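Thanks for coming, everyone. Please have a look at the model on the screen, and then I'll walk you through it.

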Amino acid sequence: DPVLGLSGMKEMLDISTVPAVAIGAIDESNLRDVLQNGAANFASVRPINKTEKPEAALKRLLAIWKDR
């Protein structure tokens, strides 16, 4: 599947009639932008699984999600 990027995701979600979950390369550095561009929710695996402190990573991601 091709990478949509934020602009492609926003374009698609602007015409969508259902909420969307963004997946793929979502982390603390871009989650806020993903949510601001229309994603209702997100999936983030690698940033949680590839750290020594997964609980802390999850808490940081959830704090961004709750602050949207």
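Let's start with the largest pocket. Its lining has 19 residues, and those nearest the centre are Leu4, Gly5, Met9, Ile23 and Gly24. About 440 Å³ of space lies inside the largest pocket. Two elements each give two or more residues to that lining: α1 (5-15) and β1 (21-23). The largest share comes from α1, with five residues.

Now the terms. A pocket here is an open set of points on a 1 Å grid over the protein atoms alone, where a 1.4 Å probe fits, with protein on both sides within 12 Å along at least five of seven lines; lining residues have an atom within 4 Å of a point. The volume is the space filled by probe spheres set on the points, which are joined across faces, edges and corners. Helices (H or I, at least four residues) and strands (E, at least two) are DSSP runs, numbered from the N terminus.

A word on the source. This is a predicted model: local features need pLDDT of at least 70, side-chain atom pairs count only at pLDDT 80 or more, and totals for chains, interfaces and linings use all residues. Residues are numbered from 1 along each chain as its sequence is written, and side-chain values use heavy atoms, with hydrogens and water left out.

Back to the pocket. What is the lining made of? It divides into 15 nonpolar residues, three polar and one charged. Nonpolar covers Ala, Val, Leu, Ile, Met, Phe, Trp, Tyr, Cys and Pro; charged covers Asp, Glu, Lys and Arg; the others, Gly among them, are polar.

Next, charge pairs. Side chains of opposite charge can pair when their charged atoms come close. How many salt bridges does a search of the whole structure find? It finds four. The criterion is a side-chain nitrogen of Lys or Arg within 4 Å of a carboxyl oxygen of Asp or Glu. I'll show three of them.

Take helix α1 again. Lys10 and Asp14 form a salt bridge at 3.3 Å, N to O. They sit four residues apart in α1, so about one helical turn separates them. Lys10 is partly exposed at 34% relative accessible area, while Asp14 is exposed at 53%. The scale is simple: buried is under 20%, exposed is over 50%, and partly exposed is in between (1.4 Å probe, protein chains only).

Glu55 and Lys59 both lie in α4, four residues apart, about one turn. Their closest N and O atoms are 3.4 Å apart in a salt bridge. Glu55 is exposed at 55%, and Lys59 is exposed at 53%.

Then Arg32 and Asp67. Their salt bridge has its closest N and O atoms 3.7 Å apart. Arg32 is in helix α2 (31-36) and Asp67 is in the segment after α4 (54-66), so the pair ties together parts 35 residues apart in sequence. Arg32 is partly exposed at 40%; Asp67 is exposed at 55%.

Ala25 sits in the loop between β1 and α2. Its phi is near 60 degrees, a positive value in a residue other than glycine. Ala25 is exposed, at 67%.

Ser44 is in the loop between β2 (41-43) and α3 (46-49). Is Ser44 buried or exposed? Ser44 is buried, at 12%. Its side chain reaches the backbone oxygen of Ile26 at 2.7 Å. Leaving aside neighbours within four places in sequence, Ser44 is in contact (heavy atoms within 4.5 Å) with Ile26, Asp27 and Leu61.

Technical notes. A polar contact is a pair of N or O atoms within 3.5 Å; within protein, one must be able to donate a hydrogen and the other to accept it, and residues adjacent in sequence count only if both atoms are side-chain atoms.
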